[in-house]
Amino acid sequence: MEKVISGIRPTGNLHLGNYFGAVKSFVTMQNEYDCMFFIADWHSLTTHPTPENIRQSVRTILSEYLACGIDPEKAPIYVQSDVKPVLELYLYLNMNAYLGELERVTSFKEKARTQPDNVNAGLLTYPTLMAADVLAHKADKVPVGKDQEQNMEMMRLFARRFNRIYNVDFFKEPQSYHFYKDAVKVPGLDGSGKMGKSNGNCIYLCDDEATIRKKVMKAVTDSGPTQLNQEKPEVIQNLFTLLELVSTKDTYDYFNDQYNQMTVRYGDLKKQLAADINAFCAPIRERILEYQSNEDYILRVAKQGAERASESAEKTLREVRQIIGFRA
């Protein structure tokens, strides 16, 4: 069975975009692949979070993964910093990663441009840590979006370079796993772009009913259609995309017909959308609260996941040490 590994940075609550864009696919994949999911708390250090922020964010993401349906018996969930062999591999990969190629990574250049006072070595070597996360487990595939494709290319480069330098056929080249046929680009509520934390346009899986209603009712709209069957502008198509995700087909068709006939009332559409989003999120929200109230279970899941991940990574590192010339 092919091994798949994926990580998420602990930067706050999961939202509908995370769920439909990735997590829903993870829940399916755990039945088809040998999956491992981790919470990338080392990666988050590039933004200098406080210790309490790290701890709270890790507990939050772990609870939400479980609430969405990831089964730790099928797919271990672990915290990145609990698997120390990854750091050792990170060191070895950095020794063979060159400044010029790291500086050319698009995500690094963008970060350096937008945060010139915090251009740290962690940002520069993000691709090597990402590579260590994956190569330590000899994963076959990594679920990524298009924005991570360059880092995947770097990962494969580091794997080939290690094999060439030490004249071995040790590291496989992990392939990107694209679930675009299943994943959906979930729009934000601000009328453009996709749902994202940094855009402030999210509906979080843990939002209560009143918060969801308030957010949806403030969603951007226009003055209404001016022609029969006209194409929907982006701000309106966004609402219909959300409607298609969480509502019944009959509900979607009802408002779509009203729009095409120029009789749609956006207030009614928003009220229905808010009710349907809440109905979708409510069971997940309840499970999140249940997991968050059971810290012993959360800690046990993380501990068991770390044990399985550490065993996998340590096996790889013993062989890496021998290949390089160190004692295993």
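Modeller: About 170 Å³ of space lies in the second largest pocket. A pocket here is an open set of points on a 1 Å grid over the protein atoms alone, with protein on both sides within 12 Å along at least five of seven lines. Volume is the space filled by probe spheres set on the points, and points are joined across faces, edges and corners. The model is predicted: local features need pLDDT of at least 70, side-chain atom pairs count only at pLDDT 80 or more, and totals for chains, interfaces and linings use all residues. Residues are numbered from 1 along each chain as its sequence is written, and side-chain values use heavy atoms, with hydrogens and water left out.

Now the lining. Lining residues have an atom within 4 Å of a point. For this pocket they are I54, R55, V58, R59, L62, V79, S81, D82, I298, L299 and A302. Helices are DSSP runs (H or I, at least four residues), numbered from the N terminus. Helix α2 gives the most, with five residues. By class, the lining has seven nonpolar, one polar and three charged residues. Ala, Val, Leu, Ile, Met, Phe, Trp, Tyr, Cys and Pro count as nonpolar; Asp, Glu, Lys and Arg count as charged; the others, Gly among them, count as polar.

The structure holds two cavities of 30 Å³ or more. A cavity is a set of grid points where a 1.4 Å probe fits but cannot get out.

The largest cavity has a volume of about 50 Å³. Y92, L93, N96, F158, R161 and F162 line it. The largest share, three residues, comes from α8. Four lining residues are nonpolar, one is polar and one is charged.

The second largest cavity holds about 40 Å³ of space. Its lining is G188, L189, G191, A219, V220, V235, N238, L239 and L242. Six of these are nonpolar, three are polar and none is charged.

L239 and L242 also belong to a helix contact: they are among the α10 residues that meet α12. Contact means heavy atoms within 4.5 Å. On the α12 side, the residues include Y266, D276 and F280. The residues of this contact divide into 11 nonpolar, no polar and one charged.

Definitions and conventions
Helix = DSSP H or I, 4+ residues; strand = E, 2+ residues; numbered from the N terminus.
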